[in-house]
Amino acid sequence: MSNLTFLPVLWPLFTGILLIFLAKKITLQRWISLFSSLIGIVISMYLVFSVHSQGILTLGVGSWEAPFGIVIVADMLAALLVLTTNIIGMAILLYSFRTIGAERERHYYYPVFQFLLIGVNGAFLTGDLFNLFVFFEVMLMASYVLLVLGGTKIQLRESLKYIIVNVLSSSFFVIMVAYLYSVLGTLNMAQISQRIEEVNQPAILSVIAIGFLIVFGLKGAIFPLFQWLPGSYYAPPIPVMALFGALLTKVGIYSIFRTYTLMFYHDQDFTHTFLAWLAILTILIGVIGAIAYWDVKKIIIYNIIIAVGVIIFGISVMNEPALSGSILYIIHDMLIKAALFLLIGIMIKISGSTDIRQMGGMIKQYPALAWTFFIAAISLAGIPPFSGFAGKLLILQGAGKAGDYLGMAMVLLSSLMVLYSVMKIFIYGFWGTPKADYREGAVPVNKMLFPAAFLVAISVLYGVGTEFMYPFISQAVETLLNPDIYIKAVLKE
Amino acid sequence: MELLMAIVIGILFMCATYLMLSKSMIRIIIGTGLLSHGAHLLILTMGGLKGGSVPLLSDKAASYADPLPQALILTAIVISFGVTSFLLVLAYRSYQELGTDDMEELRGTETNE
């Protein structure tokens, strides 16, 4: 029992409520959110180190013991993702100060931002399937508001579709929870896992597993269910887009991690093969999108889909190297996607266009921006010393060990295509003759560049310091591969 | 009783699917409402419709009603009402702004402007 476990959720809740009362005082709101996110990082770092030294931390909410009440469980995977979320939250917050505009700030941008963090952190930390649904809804509600805030035509149009898709998937979630409850009679994840082990996953549970895959796949944008993503993520302003791209799809992937390693792992021939095929198709679709478009936003958005495919493929292989690869890669991807969105935001601001054919020659006036983008781009593609390399290498090793050579080839090929798609942005955007007159200092980029550079620096450190990160990652993988550790920690047997 | 509930849930899902496939915004919203009601009824039914006393530890009844599905649908109903009201407001606002409630006309165009 440790109240620390729930603090990453309570802290943004407290901040968000406080910020609502200060709606008209924008400067104060900024300072409080910044201060709060710094504390949030400290809390989540402390959580990571506590989990590292003490093993899985649990908290029975309201002192109800595990199978009867809701439990909050912080294992290493959840703790690491919470830390990453908080770091990204702070960087995007800093970027928002310069770009989001006073009108949106006055209309509760910062409180809603905090509410989104509640939902995301809560979804990572919960140990109860229905509670996961509730935190999903908290997160989605905040994301609806962020998406539509500002009320431009494209935002309204895309929000409608986004909300309808998500209402549908929420209903599906409730339906699947109902079926699972009727079969197993429990909603506590640890107890579900225990009972599935007792009955050795009959076919009905494999069907429910695929049902959950549909629900989380809709959130995480895997192959046949991704169509809402390019449109919806295109509409909002850049900081919101970065927040969505870095966090929302990852919550879906995290849930697949949880359900497919903790609960539905007995019938791998069916469920995990299905997952592997979907992952490969997801990568394929993402690659096609990423190289087809000339629009910077679209290119990066399709890169999200590729990353989703790569991570899901790592989960589907389900052996030790592949899972560590997936965890390394999901954290890398969250950091670098946020950074890339912020960087293209600056490029769009400078050139006034989202089409890379309208840009050009920015490297002379904005060398710092250009080189930051270059490092982010090669990190994304996974060039050796940078982050992304270790994760991808481990996924490939795992796939080789499992003999899944088609998947291996797809992941390798996708890296090349990712490199091509981001280098296209670099070459067209920064090289060549300037398409417009980018006078020195016409757009003050330094204050916007700082948060992006901060994220890139962290991801470079993360890439170079993989050796330092590895004990944490292997602790997370140990829990995923041996669900007994999780069950024992939660049910205290 | 479970059989009757299953048929009712099926009818709700059928109507929801029909409504959600139409072009008109308001029909789609009513469809999502029916869909979530169907899902809530499903939770209640899936727990098994046991009769019996209220689930209190001190009360020595022969059988108890299962409290969990009721707790679950209570939460789910609140959430679905919240989302539906948000969706209605959004639909009204976008009808004002975009001048149509036809989903066909709200498609993203080639350049997504």
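1. Cavities first: searching the whole structure, which is a predicted model, turns up seven of 30 Å³ or more. Here a cavity is a set of points, on a 1 Å grid over the protein atoms alone, where a 1.4 Å probe fits but cannot get out. The largest cavity holds about 150 Å³, counted as the space filled by probe spheres set on the points, with grid points joined across faces, edges and corners.

2. Who lines the largest cavity? There are 18 lining residues (an atom within 4 Å of a point), and V167(A), S170(A), S171(A), S36(B) and S80(B) come closest to the centre. Chain A gives two or more residues from each of α6 (129-148) and α7 (153-184), as chain B does from α2 (25-46) and α3 (67-98). Helices here are DSSP runs (H or I, at least four residues; strands are E, at least two), numbered from the N terminus.

3. For chain B, the unreviewed UniProt entry annotates residues 6-21, 28-49 and 69-92 as "transmembrane region"; such annotations may be inferred rather than shown by experiment. Residues 28-49 of chain B are 86% helix and 0% strand, with end C-alpha atoms 31 Å apart. Residues 69-92 of chain B are 100% helix, and their end C-alpha atoms lie 34 Å apart.

4. The complex gets an ipTM of 0.92 and a pTM of 0.93 from the predictor.

5. Housekeeping: residues are numbered from 1 along each chain as its sequence is written, and chains are lettered from A in the order in which they are written. Local features need pLDDT of at least 70 and side-chain atom pairs 80 or more, while totals for chains, interfaces and linings use all residues; side-chain values use heavy atoms, leaving out hydrogens and water.

How values were computed: On a 1 Å grid over the protein atoms alone, a cavity is a set of points where a 1.4 Å probe fits but cannot get out, and a pocket is an open set with protein on both sides within 12 Å along at least five of seven lines; lining residues have an atom within 4 Å of a point.
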